[in-house]
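User: I would like to study the model shown below step by step. Please answer my questions one at a time.

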Amino acid sequence: MESRARPDTVSKPAAISVTLYVNGEPSKLAIAPWTTLLDALRDRLHLTGTKKGCDHGQCGACTVLIDGRRVNSCLTLAVMKDGARITTVEGFAADGSLHPLQQAFIDHDAFQCGYCTPGQICSAAGLIAEGKAKTADEIRELMSGNICRCGAYPNIVAAIQQAMGAKT
Amino acid sequence: MINFEYARATDVADAIRQMAADPAAKFIAGGTNLIDLMKYDVERPMRLIDITHLPLKTVDETAGGGVRVGALVPNSDLAYHPLIEKRYPLLSSAILAGASQQLRNMASTGGNLLQRTRCFYFYDVATPCNKREPGSGCSAINGINRINAVLGTSESCIATHPSDMCVALAALEAKVHVAGAAGERTIAFDDFHRLPGDTPQLDNNLQPNEIITAIELPARGFADNYSYLKIRDRLSYAFALVSVAAALELDGGRIKEARLALGGVAHKPWRRPEAEAALRDQAVNSNAFAKAADILLGGAKGFAHNAFKIDLARRAIIRTLTQAANGTPQTQSSKKIR
């Protein structure tokens, strides 16, 4: 097949300059086109709160908000997000106080190992901003892109319900 | 992931020009499928042409009473768009049955049509696959084929098209607007995707250098009597084993017009005009639904692990038509099937 006959690397993989506004702070990076937003956040900006789980968009551990919308950062190329506002879990607490979602996850014991939690919290923030989930069934359905292998789902739903109540 | 060059296109003409100049390039929009395939070494483009800055992001009513959806409208925005929720709820429902909200936020309308099969062997570059490497053989036919097709298969390929959205678009008889170096053209939805035949490497009839610019929905939206039922191995965030889009227009207890399309069972959304004709002018009852199901599934052929899909599809068709006729469409949040 023609696409398989390509050389293993392109001849001059030039880095591209992008500015990412991460948690309100602009960061100018010279970045290779094949760098995912997830890798840029973790390896270049040292924001390791965002987790690499499956790296294939199946687990949701890498969820961040781009311009307020939740996305999988593992399937996002950083070069395509020049100028975007990105929120990671590190951007949630303000003035030394936990965000209501972070507090709700603690109050409801909504995690065990904690690896999926940053993605769960970013995803829940996106869910609340979307305003489509009202019932527990709707929260479960619209949070189905975030897998928790410890099985903390009932407590995650309860935590999100608490945070939704705090918002309204 | 492999290395590649990156370029941005400024408008449709620029995108077509850039693609024509580099046959080893690929367009990227949402990237949810393409980047995944690149990580698995299934797709190996030399260059990605970023089309996300093209002005194809609006949903507009057409002079003919339909709705035109720009190819770059994200799946989530389309599902929740007031015009779509009100006039084409079958499409909203099907979109919300697919993927996760994160992926729907990223994935584009045009990209949804162009996503590749999730056949295990297509993804596994250590195995033969005629879709990935023409002439190498099909590992699924005698392999683990539980998720594979039961209709329209060939000796070369038994892959399915994985989209939910496309099943609804087929039932609604959408049109696909494309542009290329030779100008613009419109493709009927049934003519867009292909059966595998002996060229399973071709998923659809888009020509090299062509780009999808919009999807057009006709005026008839079946907003009163529709349902999208998706049967899968877990309750959410899984591809369909079988899915059914049903849309009816009723006159009292009689069926004036019917549409019926299946997902998860073939290389394209599966429709048969004879099945829909068999419903027209019939009284609403389960015998008519069963007859349509039998016609739609005519010639179905199971493999070692997926023959269950034929019975499952038959029951799902009857159930979905019943839901549509009763005006009680399947909700995608509560998983109870009524």
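User: Which residues line the second largest cavity?
Analyst: This is a predicted model, in which local features need pLDDT of at least 70 and side-chain atom pairs count only at pLDDT 80 or more, while totals for chains, interfaces and linings use all residues. Residues are numbered from 1 along each chain as its sequence is written, chains are lettered from A and ligands numbered from 1 in the order in which they are written, and side-chain values use heavy atoms, leaving out hydrogens and water. A cavity is a set of points on a 1 Å grid over the protein atoms alone where a 1.4 Å probe fits but cannot get out, and lining residues have an atom within 4 Å of a point. The lining of the second largest cavity consists of B:Gln115, B:Arg116, B:Thr117, B:Lys131, B:Thr160, B:His161, B:Pro162, B:Asp203 and B:His267.

User: How many residues of that lining are polar?
Analyst: Ala, Val, Leu, Ile, Met, Phe, Trp, Tyr, Cys and Pro count as nonpolar, Asp, Glu, Lys and Arg as charged, and the others, Gly among them, as polar. In the lining of the second largest cavity, 1 residue is nonpolar and 3 are charged, and the number of polar residues is 5.

User: Which residues lie nearest the centre of the largest cavity?
Analyst: By class, the lining of the largest cavity has 9 nonpolar, 5 polar and 1 charged residues. Of the 15 lining residues, those nearest the centre are B:Cys119, B:Cys129, B:Cys138, B:Ala140 and B:Cys157.

User: How are helix 12 and helix 13 of chain B oriented to each other?
Analyst: Helix 12 of chain B spans residues 286-296 and helix 13 of chain B spans residues 308-326; their axes are 9 Å apart, and the helices pack at an angle of about 135°. Axes are lines fitted to C-alpha atoms over the stretch in contact, and angles run from 0 to 180 degrees between N-to-C directions. Angles under 35 degrees count as roughly parallel, over 145 as roughly antiparallel, 65 to 115 as roughly perpendicular and the rest as oblique. Helix 12 of chain B is therefore, relative to helix 13 of chain B, oblique.

User: Which residues of helix 13 of chain B make the contact with helix 12 of chain B?
Analyst: Contact means heavy atoms within 4.5 Å. Helix 12 of chain B contributes B:Phe289, B:Ala290, B:Ala293, B:Asp294 and B:Leu296. The residues of this contact divide into 8 nonpolar, 1 polar and 2 charged. From helix 13 of chain B come B:Arg314, B:Ile317, B:Ile318, B:Leu321, B:Thr322 and B:Ala325.

User: At what angle do helix 2 and helix 3 of chain A cross?
Analyst: Helix 2 of chain A covers residues 100-107, and helix 3 of chain A covers residues 117-130. These two helices are oblique to each other. Their axes come within 10 Å and cross at roughly 125°.

User: Which residues of helix 2 of chain A make the contact with helix 3 of chain A?
Analyst: Helix 3 of chain A takes part through A:Thr117, A:Gln120, A:Ile121, A:Ala124, A:Ala125 and A:Ile128. By class, the contact has 6 nonpolar, 3 polar and no charged residues. On the side of helix 2 of chain A, the contact is made by A:Leu101, A:Gln102 and A:Phe105.

How values were computed: Helix = DSSP H or I, 4+ residues; strand = E, 2+ residues; numbered from the N terminus. 1 Å grid on protein atoms, 1.4 Å probe; cavity = no way out; pocket = protein on both sides within 12 Å on 5 of 7 lines; lining within 4 Å.
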